[in-house]
Amino acid sequence: MLKSIGVIFIYIAIAFFQIHQLKKEKMIREIWIFSILMVLTTGVTVAKLNNLPLPSPLDLVVFVLKPFIK
């Protein structure tokens with residue numbers, strides 16, 4: 001639990017400095033993209049720290065291509 005909180009604080013610190021710089025340069029679209037990617041990476045990192053099962057990207061490829069293989 002403490003590791004998860006520490007990771008979240010690190011991501012918040014990184015986001016604070018990056019968003020401040022992007023806001024200064026008036027890059028609104030980049031702020032949105034950066035925020036979405038940061039939320040996704042934070043979620044995956046916290047899930048991995050808590051040993052939660054994460055699906056493999058290969059599972060999606062197999063699911064999509066399985067009908068074509070048959």
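This is a predicted model: local features need pLDDT of at least 70, side-chain atom pairs count only at pLDDT 80 or more; totals for chains, interfaces and linings use all residues.
Apart from residues up to four places away in sequence, Thr-42 touches Ile-8 and Tyr-11.

Thr-45 is also placed in helix H2. With a relative accessibility of 23%, Thr-45 counts as partly exposed. When neighbours within four places in sequence are left aside, Thr-45 is in contact with Val-7 and Tyr-11. Thr-45 and Ile-8 are 37 residues apart along the chain, and their C-alpha atoms are separated by 9.1 Å.

## How the two helices pack

Two packed helices are described by the angle between their axes and the distance between the axes. For H1 and H2 the angle is about 170° and the axes are 10 Å apart. Angles over 145 degrees count as roughly antiparallel, and H1 and H2 are therefore roughly antiparallel to each other.

On the H1 side, the contact is made by Lys-3, Ser-4, Val-7, Ile-8, Tyr-11, Ile-14, Ala-15, Gln-18, Ile-19, Leu-22 and Lys-23. H2 contributes Glu-30, Ile-31, Phe-34, Ser-35, Met-38, Thr-41, Thr-42, Thr-45, Val-46 and Leu-49. By type, the residues of this contact divide into twelve nonpolar, six polar and three charged.

In soluble globular proteins, nonpolar side chains tend to be buried together. The largest nonpolar core here has five residues, namely Ala-15, Leu-22, Ile-31, Phe-34 and Met-38. At least two of its residues come from helix H1, which spans 2-24, and at least two from helix H2, which spans 28-49. H2 supplies the largest share, three residues.

Setting aside neighbours within four places in sequence, Ile-31 is in contact with Ile-19, Leu-22 and Lys-23.

## The aromatic pair

A pair of aromatic rings is described by the distance of the centres and the angle of the planes. Searching the whole structure gives one such pair. The pair is formed by Phe-16 and Phe-17, with 5.4 Å from centre to centre and 75° between the planes. Planes over 60 degrees apart count as edge-to-face, and the pair of Phe-16 and Phe-17 is of this kind.

Are these two residues buried or exposed? Both Phe-16 and Phe-17 are exposed.

Technical notes
Residues are numbered from 1 along each chain as its sequence is written. Side-chain values use heavy atoms; hydrogens and water are left out. A nonpolar core is a set of buried Ala, Val, Leu, Ile, Met, Phe, Trp, Tyr and Cys residues joined through side-chain atoms within 4.5 Å. Buried means under 20% relative accessible area, exposed over 50%, partly exposed in between (1.4 Å probe, protein chains only). Helices (H or I, at least four residues) and strands (E, at least two) are DSSP runs, numbered from the N terminus. Contact means heavy atoms within 4.5 Å. Axes are lines fitted to C-alpha atoms, for helices over the stretch in contact, and angles run from 0 to 180 degrees between N-to-C directions. Angles under 35 degrees count as roughly parallel, over 145 as roughly antiparallel, 65 to 115 as roughly perpendicular and the rest as oblique. Ala, Val, Leu, Ile, Met, Phe, Trp, Tyr, Cys and Pro count as nonpolar, Asp, Glu, Lys and Arg as charged, and the others, Gly among them, as polar. Rings of Phe, Tyr and Trp (its six-membered ring) pair if their centres lie within 6.5 Å; planes under 30 degrees apart count as stacked, over 60 as edge-to-face and the rest as tilted.
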